[in-house]
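Reader: Please take a close look at one part of this model, the aromatic rings.
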Amino acid sequence: MNLTQKISQQIQDYLNSEKKPLICVVWPTATWKTEFAIEIAEEFSWELINCDSKQIYKDIECITWLDYDELKWTKNHFFWIAEISDKSWTSAKFLEEVEKLIFEIYERWNVPVLVWWTGLFFSSLIEWFEIPKNSTNPEILESFKNKTNEELFEELQKVDFEYSEKTHKNNRIRVERALEFFLSSWQKKSSERKNNKKKFNPLIFCKNIFWNKNLENSKNFDEEREKLYQKINFRE
């Protein structure tokens, strides 16, 4: 997978217009996104930042399907830095550490290349919303245990109807988090992102994996999807 002249020109145009450049590769899993990000980093001698919560941990290459040799010629960060037993790598910690790193990279007159497949890690940085460092309150969570999904959802509707409109009542984890957030901060989860300004204007590379997708021919779509499923299943 080689960088095309079109992609290289797109990157150059972006660099000419952006003072704080951030390159992001956000392809789906099992579609060679890390390979593409490495090519960019090597081509321009930039620094690669892992944004996959699994690749932070050591000794689970069989899950992440990433070979050490793939990265040996690239300056990289947040790959295989924590023990499996280390539970401190929350989204809040990632957001804090990666922002600090990005500005350190700028001080080196270099460009960070972010490669992801953990949505909250990525969106917390790009959309820039606050994540409480102490994001769980055991007492509040304990009070939810004896309540049904319907009861919790009704409480959420009362305190944050806007967020409840985007959440299914049976998505208990999201409902509990939204309620916990409100009861801990007396702020609505729905307003969490509205008051924050973006710190970065990234160049984001997305990939439609269904190259042969044709709205008039669902067979091609199904065949491409099945190929992806087979590739993912092969990793297990």
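How many aromatic pairs does the structure hold?

Author: The structure holds eight aromatic pairs. Rings of Phe, Tyr and Trp (its six-membered ring) pair if their centres lie within 6.5 Å; planes under 30 degrees apart count as stacked, over 60 as edge-to-face and the rest as tilted. This is a predicted model, where local features need pLDDT of at least 70, side-chain atom pairs count only at pLDDT 80 or more, and totals for chains, interfaces and linings use all residues. Residues are numbered from 1 along each chain as its sequence is written, and side-chain values use heavy atoms, with hydrogens and water left out.

One of the pairs joins phenylalanine 103 and phenylalanine 200. The pair is tilted, at 5.8 Å centre to centre and 40 degrees between the planes. It links distant parts of the chain, 97 residues apart. Phenylalanine 103 is in helix H4 (residues 91–107); phenylalanine 200 is in the loop between helix H9 (172–185) and strand E5 (203–205). Helices (H or I, at least four residues) and strands (E, at least two) are DSSP runs, numbered from the N terminus. Phenylalanine 103 is partly exposed, at 29% relative accessible area, whereas phenylalanine 200 is buried, at 4%. Buried means under 20%, exposed over 50%, partly exposed in between (1.4 Å probe, protein chains only). The charged end of lysine 20 also sits over the ring of phenylalanine 200, 5.9 Å from its centre. For that, NZ of Lys or CZ of Arg must be within 6 Å of the ring centre and within 35 degrees of the ring normal.

Elsewhere, Phe78, Trp89 and Phe94 form one aromatic cluster.
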